[in-house]
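Subject: Structure handover, pockets and salt bridges

Hello,

The structure you asked about is below. My notes on its pockets and salt bridges follow.

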Amino acid sequence: MAVRVLRNACRTAGLSSDDAELIRFGENALFRLARHPVIVRIARSADYLPSVRREVQVSGWLARESFPASRVLEDIEQPLLVENRPVTFWHLIREADRKPTYAELGSVLRDLHALAVPAGLELPPVQPFARTDLRVERITGIPEDDREFLRKRGRELRDRLAELWFDSRRGPVHGDAHVQNLMVNHTGQPVLIDFEGFCFDHPEWDLMVTATEHHSMGWQTPEQYADFVRAYGRDLADWPGFPVLRGIQEFQMTTWLMQNVAESPEVAQEYARRIASLRDDDAPRDWHPA
């Protein structure tokens with residue numbers, strides 16, 4: 001299906017899809033075109049069209065701000081809707097031979113949160129359960145007991161969030177601010193990517209990602225996390241509301257992976273590990289990155 005959508009979208013855009021390479025299949029299917037320096041993103045369904053339109057608008061705004069971020073192709077009207085799937089075209093980022101650091105992630109988020117959103121760019125508040133609800137209700141291949149547990153956990157987290165008090169100012173928020181959404185280009189500059197969760201809300205929603213990965217899963221060394229905190233200027237774990245956001249982040253990470261349980265035995269095993277530990281709030285989160 002994704003390959004057929006790719007071919008039809010590229011034909012409409014006047015690009016060649018010959019020998020295109022699938023480089024990621026997750027929330028979106030990402031293809032690298034062989035004949036053009038272009039990345040093609042294909043969303044799962046038309047349900048995601050509003051967020052895809054927002055991605056295109058955000059890319060244009062960040063380009064005008066000269067902010068280091070991925071760019072859509074300017075001469076194609078986007079997004080395209082092909083077989084009920086939103087499709088966008090992005091300039092290929094030529095990567096350096098190193099990965100971004102957590103200090104760079106902290107610096108990029110600090111600078112992003114300091115920007116002023118222009119008039120005319122309508123960004124919604126964070127909707128932490130919008131996609132989790134779609135996933136829980138629509139994904140096949142999971143036990144119904146899991147589905148019912150996830151429904152219940154989602155209701156509990158909503159109740160806890162409703163009582164949470166934020167004392168920070170609202171501003172631009174990336175919405176999925178992990179280090180994998182940062183690339184280093186061929187000049188050595190960190191570049192922010194993936195704007196489908198972009199919104200206008202409290203910066204804690206961005207900080208919760210790395211804070212949860214560190215304090216729950218231990219995916220960063222103490223030195224890496226300290227670099228992130230130092231660059232941004234704040235450790236979210238010092239905030240009394242962190243346990244609520246940590247619970248939401250763990251919930252999102254589990255339902256995201258759940259979409260791909262049929263992809264491989266390894267993914268299914270990791271999903272089983274995650275949901276088993278969610279059923280016990282005191283269980284260690286010995287999760288593996290996926």
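The largest pocket has about 1400 Å³ of space. A pocket here is an open set of points on a 1 Å grid over the protein atoms alone, where a 1.4 Å probe fits, with protein on both sides within 12 Å along at least five of seven lines; lining residues have an atom within 4 Å of a point. Points are joined across faces, edges and corners, and the volume is the space filled by probe spheres set on them. Of its 49 lining residues, Glu27, Arg135, Asp176, Glu196 and Trp256 are the closest to the centre. Elements giving two or more residues to this lining include strand S1 (21-25), helix H2 (49-64) and helix H4 (130-138). Helices (H or I, at least four residues) and strands (E, at least two) are DSSP runs, numbered from the N terminus.

This is a predicted model: local features need pLDDT of at least 70 and side-chain atom pairs count only at pLDDT 80 or more, while totals for chains, interfaces and linings use all residues. Residues are numbered from 1 along each chain as its sequence is written, and side-chain values use heavy atoms, with hydrogens and water left out.

The second largest pocket has a volume of about 570 Å³. Its lining consists of 21 residues, with Ile23, Glu95, Gln180, Met183 and Ile193 nearest the centre. S1 also supplies at least two residues here, as do strands including S2 (28-32) and S3 (38-43).

There are 26 salt bridges in the structure, each a side-chain nitrogen of Lys or Arg within 4 Å of a carboxyl oxygen of Asp or Glu. Glutamate 196 pairs with arginine 41, with the closest N and O atoms 3.8 Å apart. This pair links distant parts of the chain, 155 residues apart: glutamate 196 is in the loop between strand S8 (190-192) and strand S9 (199-201), and arginine 41 is in strand S3. Both residues are buried (under 20% relative accessible area; exposed is over 50% and partly exposed in between, with a 1.4 Å probe and protein chains only). Arg41 and Glu196 also belong to a salt-bridge network with Glu55, Arg131 and Asp194.

Aspartate 133 forms a salt bridge with arginine 158, the closest N and O atoms being 2.5 Å apart. Aspartate 133 lies in helix H4 and arginine 158 in helix H5 (residues 144-162), 25 residues apart. Aspartate 133 is partly exposed at 35% relative accessibility, and arginine 158 is partly exposed at 32%.

Regards
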